[in-house]
Amino acid sequence: SESKRTKQTGHWHLMSKQMRILVVEDEEAIRTGLIDVLVFHGYDVDSAATGPDGLEKALTGKFDLILLDIMLPGMDGYEICNRVRTEDRNQPIIMLTAKTSDEEIVQGLKLGADDYVPKPFSIQQLVLRVEAVLRRSGAGQEMARTLCVGGIDIDTENLNGCKDGTEITFTKREIEVLSYLAQNSDRAVSREELLSKVWGYARNLDLETRTVDIHIAKLRRKIETDNKAPELLITVRGAGYRLVVES
Ligand code: CA
């Protein structure tokens, strides 16, 4: 069942634990290109070329990261992302999206992807994002166990909270965003700072910041009474976002 795992490379033996990545991509040239690059960088890579195969591997294998294409035969990447998220809100997922399609990016992030890489991507950009996601997952031990935001007690370990008697669930990444904003609630935090501190990207990387805005929009829908007029997760014009926490 796990027969297609790619062999380990001889170098990079200093890595304490070899990270496992699942690549779900139907275009063979892109798939093999991704596998080659990731194996070269010392990752243990498995792959799938169809939606159903990708879903099965994603749900049964333990992966540190899933790279997920959207248009796939049998089942699309959105459905896979949704199903995987239902099972495991900790699973890091990066969507591979067509550069031109804003809708794809928004939809993927709404369904719980941590980030996206626009196609065609540069190898360097891809590897930097992969490294950032892997560096960040497993981080966050310094987070408070409970966050109090607008009368909602949020359990940062179980990734849930209760608002007006209804349970709200969060992804790991959403909790990391809230925690970082809570720790810095005396000021506005810029998108660039969030990308650097929460997503782990180097500050000088020329990244699109759509990811941050969509995560903020999702959080507002979850915690605000009226997400169009936020009172907790507020925008400070020209500066970024600020979280209003109980003192
Ligand atoms: Ca495809």
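**View 1. E174 and K222 meet in a salt bridge.** In this predicted model, the closest N and O atoms of E174 and K222 are 2.7 Å apart; a salt bridge here is a side-chain nitrogen of Lys or Arg within 4 Å of a carboxyl oxygen of Asp or Glu. The pair links distant parts of the chain, with E174 in helix 6 and K222 in helix 8, 48 residues apart. Helices (H or I, at least four residues) and strands (E, at least two) are DSSP runs, numbered from the N terminus. E174 is buried at 0% relative accessibility, while K222 is partly exposed at 22%. Buried means under 20% relative accessible area, exposed over 50%, and partly exposed in between (1.4 Å probe, protein chains only).

**View 2. K218 also forms a salt bridge with E174.** Their N to O distance is 2.9 Å. K218 lies in helix 8 (residues 210–223) and E174 in helix 6 (residues 172–183), so this pair ties together parts 44 residues apart in sequence. Both K218 and E174 are buried.

**View 3. D155 pairs with R145.** Here the salt bridge spans 2.9 Å, N to O. D155 sits in strand 7 (residues 152–155) and R145 in the loop between helix 5 (123–136) and strand 6 (146–149), so parts 10 residues apart in sequence are tied together. D155 is buried at 17% relative accessibility, and R145 is partly exposed at 39%.

**Notes for all views.** Local features need pLDDT of at least 70 and side-chain atom pairs pLDDT 80 or more, whereas totals for chains, interfaces and linings use all residues. Residues are numbered from 1 along each chain as its sequence is written, and side-chain values use heavy atoms, leaving out hydrogens and water.
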